[in-house]
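Here are my notes on the model you sent over. Have the structure open while you read, and go through the points in order.

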Amino acid sequence: MKKIITLLLCICAVTVQAQTVGNEAIRKLQLAEFAITNLYVDSVDENKLVEEAIIKMLAQLDPHSTYNDAEEVKKMNEPLQGNFEGIGVQFQMIEDTLLIVQPVSNGPSEKVGILAGDRIIAVNDSAIAGVKMSTEDIMSRLHGPKDSEVKLTIIRRGVDDPLYFTVKRDKIPILSLDAAYMIQPKTGYIRINRFAATTAEEFIKAMKDLQKKGMKDLILDLQGNGGGYLNAAIDLANEFLQQKDLIVYTEGRASRRSNFYARGNGNFKDGRLIVLVDEYSASASEIVTGAIQDLDRGVVVGRRTFGKGLVQRPIDLPDGSMIRLTIARYYTPSGRCIQKPYDKTAKLDGKVSGEDSQEKYNQELIDRFNHGELMHADSIHFPDSLKYQTKKLGRTVYGGGGIMPDFFVPIDTTLYTDYHRNLVAKGVVIKTTMKFIENNRKEMQSKYKKFEAFNDKFEISDEVLADMRAAADKEKIEFNEEQYLKSLPLIKTQLKALIARDLWDMNEYFQVMNTTNSSVQQALKLLQNNTYTQTLKPKP
């Protein structure tokens, strides 16, 4: 009887407290949490209970309303803020050893004399080589507050004894621009991997450098770009559009329509422009692409974009965690909703749950592949209700989620095989290039002073291919001669590109890889055969 009275008193107490903070649903939630925490038979982690409740609630809403704990928030923000604090090296893990690919130019490691090809075997006297330490654990040891010091023990090829360096950590820039170069005498190429705080600044600098080299036309590569900051997308679109051109607008149940316009002070408002996209281009990438297409400013080449057009508002919680809550949708200038459809009440095994909805949503790209959309343009069908007209030329474009390109480029399946996929998945291709560079760095740097000479004359030798196959055997990848020969051109290109990256940088990597990129090659054809001009020719 005493226990029953105690329970009733507890329930009454929490009910009285809850009445002051919200409606019946809130009181119900508080009552449940109070009862579990104070009366459950075993001890419980109250914080974990609350986190799980938040996660479950958000799962009932849409695929992009999410919860992140404090550590996840920090990691999530670093790439978008454009910097992190560390020692400044690009590295690869090769056989349990951290091999430095390149020190960041003018970064902390380069300043103290650390070189490409060095191997870090210990951090602050703690061994990191040969101890099966995860890459995340190693990163946590190398990262740290600006101006803090870290002691590194390094092995250098040709030097018998270990070398010891003390590196003062600093802010290390994370670039969102992968490559910028002249792909043809009058055509520039710029690739952006995400929309971060520094993206517009990086782009403007790269564009002006290319214009000094004679750039009149531009290929903007947003393939695989998953998005980022809205402001970065607006600032980038502004570079191409006229004053007061509508870039994008947002609207939601509790959020009034907000319009975002170009300022008209862009630096590339007249040249021919082609935007490259694929099924992994999302969010901010789709905002830029949709604006370019709807305003007839350029043409879009590739495959239908992902279709992520929900606006999230970050809601900071007291412990540093965050809820990203969807409050509106993005719409292109013609009124197309970028967000692809999602089912909030997906049914699996006759039951309804948010988790099932999320699983079904994540499956959508696989469904596109299975339905043939990524390989055949005629597999894509749009009802008349999804037809829209561009703002200046009245061209037909399509809604329904994502941005459908003006020129479809099927995914290239001719060179891809299971054998090749296994080589890449198990790191064999990268390990082969790292071994080659480690053994031949000085010779390569002496023979190829400039990338242009390397690009023209260097070829992957049979010896390098034999080393790769031996590494594949070591990883227990079963050799398939037919698949090997089919993928050989792609394998050679990837090996050469990775060697170029390690000798120079990502700019040179993409110069090699783009020779096999179907969308890039299609864009060049459109500029060369006058199809671009005909596509954007005003109607008589």
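1. Of the 540 residues in the protein, 46% are buried. Bear in mind that this is a predicted model. The exposed surface comes to about 28,500 Å², with carbon and sulfur atoms supplying 51% of it.

2. On the overall build: I'd start with the secondary structure, which comes to 19 helices and 23 strands. Taken along the principal axes, the box filled by the C-alpha atoms is roughly 90 × 75 × 50 Å. If you take the contacts between residues at least 6 apart in sequence, 68% of them join residues at least 24 apart.

3. Now have a look at Phe240, in the loop between helix 8 (230–238) and strand 13 (246–251). Is Phe240 buried or exposed? Its relative accessible area is 0%, and buried means under 20%, so Phe240 counts as buried.

4. What does Phe240 touch, leaving aside residues up to four places away in sequence? The list is Phe203, Leu218, Leu220, Phe268, Lys269, Leu273, Ile292 and Arg297. Take Lys269 from that list: Phe240 and Lys269 are 29 residues apart in sequence, yet their C-alpha atoms are 4.3 Å apart in space.

5. Next, the helix packing. Two packed helices are described by the angle between their axes and the distance between the axes. For helix 13 (residues 428–447) and helix 16 (residues 481–503), the axes come within 9 Å and cross at roughly 50 degrees. That angle makes helix 13 oblique to helix 16. The crossing of helix 13 past helix 16 is right-handed.

6. Who meets whom in that pair? From helix 13 you have Val429, Ile430, Thr432, Thr433, Met434, Phe436, Ile437, Arg441, Met444 and Gln445, and they meet Gln494, Leu495, Leu498, Ile499, Arg501, Asp502 and Leu503 of helix 16. Sorted by class, the residues of this contact are 10 nonpolar, four polar and three charged.

7. Helix 16 has another partner to check, helix 12 (residues 418–425): their axes come within 8 Å and cross at roughly 40 degrees. Helix 12 and helix 16 are therefore oblique to each other.

8. On the helix 12 side, Asp418, Tyr419, His420, Leu423 and Val424 make the contact, meeting Gln483, Tyr484, Ser487, Leu490, Ile491 and Gln494 of helix 16. The class count here is six nonpolar, four polar and one charged.

Definitions and conventions:
Residues numbered from 1 in each chain as written. Predicted model: local features only at pLDDT ≥ 70, side-chain atom pairs only at ≥ 80, totals over all residues. Heavy atoms only, no water. Axes fitted to C-alpha atoms, helices over the stretch in contact; angles between N-to-C directions. Helix = DSSP H or I, 4+ residues; strand = E, 2+ residues; numbered from the N terminus. Parallel < 35°, antiparallel > 145°, perpendicular 65-115°, else oblique. Left-handed = near helix turned anticlockwise from the far one by under 90°. Contact = heavy atoms within 4.5 Å. Nonpolar A, V, L, I, M, F, W, Y, C, P; charged D, E, K, R; others polar. Buried < 20%, exposed > 50% of the residue type's maximum accessible area, 1.4 Å probe, protein only. Areas by Shrake-Rupley, 256 points an atom, 1.4 Å probe, with all protein chains shown as cover.
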